Amino acid sequence: MSTLVEDRDMGSSRDCPVVEGKHQIQHVRPRTADVGGIPVNRVLPSRQRRLVGAWCFLDHAGPSVFKGDSRGLRVGPHPHIGLQTFTWMIEGEILHRDSQGNQQVIRPGQVNLMTAGRGISHTEESVPGETQLHAAQLWIALPEADRRTDPRFDHYPELPSWEEQGVAFTLLTGEFDGRRAPTLAFSPLVGLDLVSREASTLKLSLREDFEYGVLPLEGELDIEGETFPTNELAYLGRGREAVTLSLPAGGRVILVGGEPLDEEILIWWNFVGHSKAEIAEAQQDWEAGSERFGSIPDYDGAPLTPPPLPWKL
């Protein structure tokens with residue numbers, strides 16, 4: 001990230017129009033970015049859509065196959081404030097290290113959740129010998145009241161999972177269909193992974209006070225007659241009791257949602273803040289080597305350098 005993103009700059013309406021009694025759906029198209037040498041499709045944030053609940057960042061990495069001398073994903077030490085990083089692993093293995101001394105390999109079907117709070121730094125890299133990578137990497141903005149909470153890291157090797165209507169469900173965070181995930185959250189959220197074993201149509205119950213987005217990770221998604229190709233986010237807005245999804249055989253989607261976070265959120269580089277001053281302070285601390293972000297001595301590479309701040313201090 002190297003762009004200042006402010007809530008007022010983007011599509012911030014929480015409600016999709018209703019035309020002839022039917023809720024409209026916003027198409028949010030991805031852009032390509034490079035993260036640690038891996039091309040990713042980024043759908044949040046964009047000028048089309050700012051937030052989905054407190055979810056403020058969504059990258060779809062892969063599926064990628066590493067060839068030749070490639071070491072796969074390799075992201076050097078970099079800082080975060082004011083957010084949680086949320087990694088859902090589909091294929092491959094990644095080693096997480098952070099300035100709190102945590103080291104954890106994440107494997108398919110697991111979630112890594114790092115709460116930055118007032119400040120933390122970390123690295124991510126494919127484990128030696130790994131030849132593939134497929135993951136969804138998201139950020140969750142912390143509410144202003146919790147933005148300076150103590151940094152921490154949590155690993156979730158097991159999550160609620162079940163099958164119905166030919167679809168395998170994994171509840172990544174929050175509550176759904178009477179089930180609750182163990183994942184730490186600071187605001188009302190839901191995250192759900194769905195994989196179709198065969199061509200399937202299913203109806204999902206929704207909370208009318210939540211806003212939702214659905215991203216196809218594999219295969220084309222149909223939502224009530226409207227088509228979304230892989231990596232194009234369907235923003236559903238609020239006010240829906242349910243939604244009907246049609247997935248092809250082998251299709252995979254991730255659904256994210258939450259109670260709207262009615263606070264101004266700014267994103268610059270790897271920081272999420274509630275003011276420009278807060279972000280500027282964090283960037284100055286990182287550039288100065290402040291103890292605020294610690295260090296990761298076991299990583300054999302240089303720390304990342306932020307671009308210049310886009311405004312005068």
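**The core and its surroundings**

Tutor: The largest nonpolar core has 40 residues, and C56, F86, W88, L138, I254 and V272 touch the most other members. A nonpolar core here is a set of buried Ala, Val, Leu, Ile, Met, Phe, Trp, Tyr and Cys residues joined through side-chain atoms within 4.5 Å. Buried means under 20% relative accessible area, exposed means over 50%, and partly exposed is in between (1.4 Å probe, protein chains only). In soluble globular proteins, nonpolar side chains tend to be buried together. Strand 14 (residues 132-141) gives the most to this core, with five residues. Apart from this core lies another one of 26 residues, including V167, F169, Y212 and L255.

Before going on: this is a predicted model, so local features need pLDDT of at least 70 and side-chain atom pairs count only at pLDDT 80 or more, while totals for chains, interfaces and linings use all residues. Residues are numbered from 1 along each chain as its sequence is written, and side-chain values use heavy atoms, with hydrogens and water left out. The pLDDT is the predictor's confidence in each residue, from 0 to 100. The chain averages 93, and 95% of the residues score at least 70. Over residues 7-11 the pLDDT is below 50, although this stretch has 18 contacts in the model beyond near neighbours in sequence. Where pLDDT is low, the predicted coordinates should not be read in detail.

Back to V272. Contact means heavy atoms within 4.5 Å. Leaving out neighbours within four places in sequence, V272 is in contact with C56, I81, G82, L83, W139, A141, I265, L266 and I267.

Helices (H or I, at least four residues) and strands (E, at least two) are DSSP runs, numbered from the N terminus, and two strands pair if DSSP finds at least two bridges between them. The open sheet has seven strands in the order 5-6-7-14-9-12-15, with antiparallel pairing. Strand 5 (31-35) and strand 15 (152-156) stand at the edges with a single partner strand each, so one side of each has no neighbour in the sheet. From one strand to the next, the twist averages 20°; axes are lines fitted to C-alpha atoms, for helices over the stretch in contact, and angles run from 0 to 180 degrees between N-to-C directions. Strand 7 (residues 55-65) pairs with strand 14 in the antiparallel sense over eight bridges, and W55 has I140 in strand 14 as its bridge partner.

V111 belongs to strand 12 (residues 111-115). V111 counts as buried because its relative accessible area is 0%. Not counting residues up to four places away in sequence, V111 touches F86, T87, W88, I106, D154, H155, Y156, L159 and L172.

Last comes helix 1. The expected span of a helix is 1.5 Å times one less than its number of residues; for the twelve residues of helix 1 (residues 276-287) that gives 16 Å, which agrees with the 16 Å between its end C-alpha atoms. Buried along helix 1 are E278, I279, A280, A282, Q283 and W286. The buried residues of helix 1 pack against strand 8 (74-80), strand 13 (120-126), strand 27 (266-268) and strand 28 (271-273). After helix 1 comes G289, with a positive phi near 70°.
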